[in-house]
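Hi there,

Here is the structure I promised to pass on. Have a look at it first, and then read my notes below.

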Amino acid sequence: MDIKRAKQEIKDSIEAYLAKDEFGEYLIPAIRQRPILLMGAPGIGKTQIMEQIARECKVGLVSYTITHHTRQSAVGLPFIKEKTFGQETFSVTEYTMSEIIASVYEKMEKTGLREGILFIDEINCVSETLAPMMLQFLQGKTFGNQKVPEGWVIVTAGNPPEYNKSVREFDVVTLDRIKRIDVQPDFEVWKEYAYEQGIHPAVISYLELRRKNFYRMENTVDGRIFATARGWEDLSRLIQVYETLDKEVDREVVYQYIQHPMIAKDFAAYLALYNKYKTDYAVEDLLQGKWTPITLGKIRNASLDEHLSIVGLLNGKLSQLFADCYFMDAYVTKLYGYMTEYRDNFPEMTLESIYKKAENDFQTTKKSELLTKNEEKVFIRTVDFLEKLWIELRGETGSEDKTENNKAVEISEKDTYERAKTAFATEADSLETQTEYISQTLQNVFDFMEAAFGDSQEMVAFITELNANFYSIWFIRENGSDQYYRHNKGLLFDDR
């Protein structure tokens, strides 16, 4: 199955394992909660989905790569303890708490989350001394004499033998005690993730044209050569930073991430053309609705690959605009929540107290480790707005000296509230202006696509990418687009 389906299967299993009856007992006893084994090629996102699952299930996450551990660090160190059996005293070997088990308790203390996921990566690549403990761990949820706390689900991941020489095959006894999920790379599923994560549009459009290069693993006389989803994502981040620093990404740079010479060479050439098309076709002008018959004639005489690269460029620009609007909307929505609370509890609640409440909410949620990076940015921006507004108005309203004239203080607090309302209205107006600008830009792009290509294969590719992009679907659902609906229906996307 693909990684998206695997993620859902793991979420369903965790929800089932953590479901309780009316007496607070787990519906599936711990002994029947089979550890989950996620088996798949390296670099397809097995580790990454665990962070997403933990946040979405609102549980803790402790992640370990077991190959980095010896028997002592995983099981604990032995020590001698005196015990009495009957009338005799014996020296018995005990073990200190395992580093892994201790990390689970530390996570519970740090986040306040009593349930969670203990994720063990590369489970089938353990050292020779640790291998005998794996059956005990998978069957009894223990390392040495230390048990994984109740409410913590074990999820493991491993690579098939063809990808790793250190792999140890599990015997039937072990396999019969786990829930195995096999995962295969899938570009369509990755593309959804790529748009949501802001992967560089050149990477997405290249892989759309060269899908076979999305995931390649080959053995040659010179060793193994490969391209993986992880490699494409990391390369994307580097390209984005290099662009801000005005640095060149050439074949040698690409090969540092995509360790397949032919693919690295091909993508480097594509990236150079991609950047050239930005200038040749004045993409920024196209977004503004400006083009000439000469531009249209030049495009019509170009190859299909060039056409699709232009479509990729336009989609990439739109995608960034849609994403920016999404986060602006999330920020204004969160700010609106605090402003509503301020209004409903005024004058008992002051601007200072609503700012401090937002700050406290942020720190509490951040401590639980349930925030995504984007949610954290939205929270930071909201708190920053309230803090700056409070600092700005504090000196003007006399809020620091409230001992002489209570009436003046009341007027001052009311003025503070009105000023806060005005400041919020400015933020809301900015969102509306941004939305109108993006709606017009989307219309401009559709006008250009119709003028250059009509209802051709290029328009199909354009609509397909809009439908695959989380942010574009959100924007169109919220704000509409007559041209999108017309072409979407005309190209029968509603029916397939």
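At roughly what angle do the axes of helix H9 and helix H11 cross? They cross at roughly 40 degrees and come within 14 Å, with H9 covering residues 229–245 and H11 residues 261–280. (Helices are DSSP runs of H or I, at least four residues, numbered from the N terminus; axes are lines fitted to C-alpha atoms over the stretch in contact, with angles from 0 to 180 degrees between N-to-C directions.)

Before you go on: this is a predicted model, where local features need pLDDT of at least 70 and side-chain atom pairs count only at pLDDT 80 or more, while totals for chains, interfaces and linings use all residues. Residues are numbered from 1 along each chain as its sequence is written, and side-chain values use heavy atoms, leaving out hydrogens and water.

Back to the helices. On the H9 side, Trp232, Leu235, Ile239 and Glu243 meet Ile263, Phe267, Leu271, Asn275 and Lys278 of H11 (contact means heavy atoms within 4.5 Å).

Trp232 also touches residues including Trp190, Tyr206 and Phe214. Trp232 and Phe267 are among the residues with the most contacts inside the largest nonpolar core, which has 118 residues. (Such a core is a set of buried Ala, Val, Leu, Ile, Met, Phe, Trp, Tyr and Cys residues joined through side-chain atoms within 4.5 Å; buried means under 20% relative accessible area with a 1.4 Å probe, protein chains only.) Helix H14, residues 304–344, gives this core its largest share, 16 residues.

Asn315 is buried, at 6% relative accessible area, and its contacts beyond four places in sequence are Ala461, Phe462, Glu465 and Leu466.

Cheers

Note on methods. Helix = DSSP H or I, 4+ residues; strand = E, 2+ residues; numbered from the N terminus. Buried < 20%, exposed > 50% of the residue type's maximum accessible area, 1.4 Å probe, protein only.
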